[in-house]
Each structure stands twice: as C-alpha cells, then as structure tokens.
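Work through the exercises below with the sequence and the model open. Each task is followed by a solution in steps.

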Amino acid sequence: MLLVLLGNDEEGRIAANSLKCAGVDVSNIFVEDKKTNIMNIIVPNSKLGDNSVIHSWYSPIDMSYTMNFSDNLPKTLPDDLQTNQVYLILDKFLPINLEFLKSMKHKKVCLDVRSY
C-alpha cells in the first residue's frame with residue numbers, strides 16, 4: 001500500500017497509472033489541485049566530452065521551478081495501517097516528517113541519499 005500525494009495533472013495520472021499497472025495498491029494516493037513535482041534529468045551528449053548527469057528542479061526548457069510543496073501532507077499514518085511494518089523513505093528530515101514518524105508504531109526509516 002502506498003501513501004502519497006500527487007498533483008491533479010497529466011504527470012500525476014501517469015505516475016498513478018504506472019504504479020497501478022506494476023501491482024501497487026494505489027487506494028491511499030491523495031490527489032491535490034496542484035502540479036505534480038517533476039525532477040528534470042539531463043543526460044549530455046557524449047560528443048560534448050561531458051558525461052555528467054544533471055538533476056534539477058528547474059525545467060531546462062523555460063527554467064520554471066518544477067517543485068510544488070504541499071501543506072496537505074498527512075501528519076499521521078491511517079489507523080488501518082498502524083499494525084503493518086512501514087518502510088518510509090525521506091529525502092530530508094523536516095519538522096512535518098518528524099511528526100509523521102512519531103505517529104507510526106512499526107517503522108523502518110530510510111534516507112534517500114543523493115549525490116547532487
């Protein structure tokens with residue numbers, strides 16, 4: 001079971017459908033009237049002599065910021081999931097994350113460590 005928040009846009013629908021097709025229970029996906037966050041990954045042409053991959057929250061087309069934080073993230077785990085072993089992956093520790101962590105009884109927490 002996946003607990004996540006998606007935007008109400010084409011990217012959010014593609015993400016939810018991809019998970020569903022992979023056999024993931026998407027019944028706890030919340031859809032919010034916002035854009036889905038998009039990580040832009042740029043792989044340079046090898047002919048340029050630069051093999052570095054660039055990860056950015058800015059669109060390479062129009063330089064718009066593609067990260068949209070939400071104030072509606074869940075602060076507690078639903079009661080029907082409290083008896084399950086929960087694996088939580090965080091990209092950073094924020095106060096809202098700590099509040100969410102404290103609400104879980106059986107948890108394993110992983111930090112998404114990146115090189116950028």
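Helices (H or I, at least four residues) and strands (E, at least two) are DSSP runs, numbered from the N terminus. The model is predicted, and local features need pLDDT of at least 70, side-chain atom pairs count only at pLDDT 80 or more, while totals for chains, interfaces and linings use all residues. Residues are numbered from 1 along each chain as its sequence is written, and side-chain values use heavy atoms, with hydrogens and water left out.

**Exercise 1. Outline**

Solution. Step 1: the protein chain has two helices and six strands. Step 3: pLDDT is the predictor's confidence in each residue, from 0 to 100. The chain has a mean pLDDT of 77, with 81% of its residues at 70 or more.

**Exercise 2. Burial and contacts**

Task: Find what percentage of the residues count as buried, and what percentage of the contacts between residues at least 6 apart in sequence join residues at least 24 apart.

Solution. Step 1: buried means under 20% relative accessible area, exposed over 50%, and partly exposed in between (1.4 Å probe, protein chains only). By this rule 23% of the 116 residues are buried. Step 2: a contact means heavy atoms within 4.5 Å. Of the contacts between residues at least 6 apart in sequence, 42% join residues at least 24 apart. Step 3: accessible areas come from the Shrake-Rupley method with a 1.4 Å probe, and for residues only the protein chains shown count as cover. The chain exposes about 8,600 Å², of which carbon and sulfur atoms supply 56%.

**Exercise 3. W57 and N37**

Task: Locate W57 and list what W57 touches beyond four places in sequence; then do likewise for N37.

Solution. Step 1: W57 sits in the loop between β4 and β5. With a relative accessible area of 25%, W57 is partly exposed. Step 2: apart from residues up to four places away, W57 touches N37, I38, M39, N40, S64, Y65, T66 and M67. Step 3: N37 belongs to the loop between β2 and β3 and is partly exposed at 32%. Beyond four places in sequence, N37 contacts W57, T66, M67 and N68. Step 4: for C-alpha distances, W57 and I41 are 16 residues apart along the chain and separated by 9.0 Å, while N37 and E11 are 26 residues apart and separated by 8.5 Å.

**Exercise 4. A salt bridge in a helix**

Task: Which side chains meet in a salt bridge, and in which helix do they lie?

Solution. Step 1: a salt bridge is a side-chain nitrogen of Lys or Arg within 4 Å of a carboxyl oxygen of Asp or Glu. The count comes to one. Step 2: the partners are R13 and E10, at 3.7 Å from N to O. Step 3: both lie in helix α1, three residues apart, about one turn of the helix. Step 4: R13 is partly exposed at 46% relative accessible area, and E10 is partly exposed at 46%.

**Exercise 5. Aromatic pair**

Task: Classify the aromatic pair from its ring geometry.

Solution. Step 1: rings of Phe, Tyr and Trp (its six-membered ring) pair if their centres lie within 6.5 Å; planes under 30 degrees apart count as stacked, over 60 as edge-to-face and the rest as tilted. Step 2: the structure holds one such pair. The ring centres of Y58 and Y65 are 5.1 Å apart and the planes meet at 50°, so the pair is tilted. Step 3: Y58 is partly exposed at 40%, and Y65 is partly exposed at 43%.

**Exercise 6. Phi of M63**

Solution. Step 1: most residues other than glycine have a negative phi. Step 2: phi of M63 is near 60°, a positive value in a residue other than glycine. Step 3: M63 is in the loop between β4 and β5 and counts as exposed, at 55% relative accessibility.
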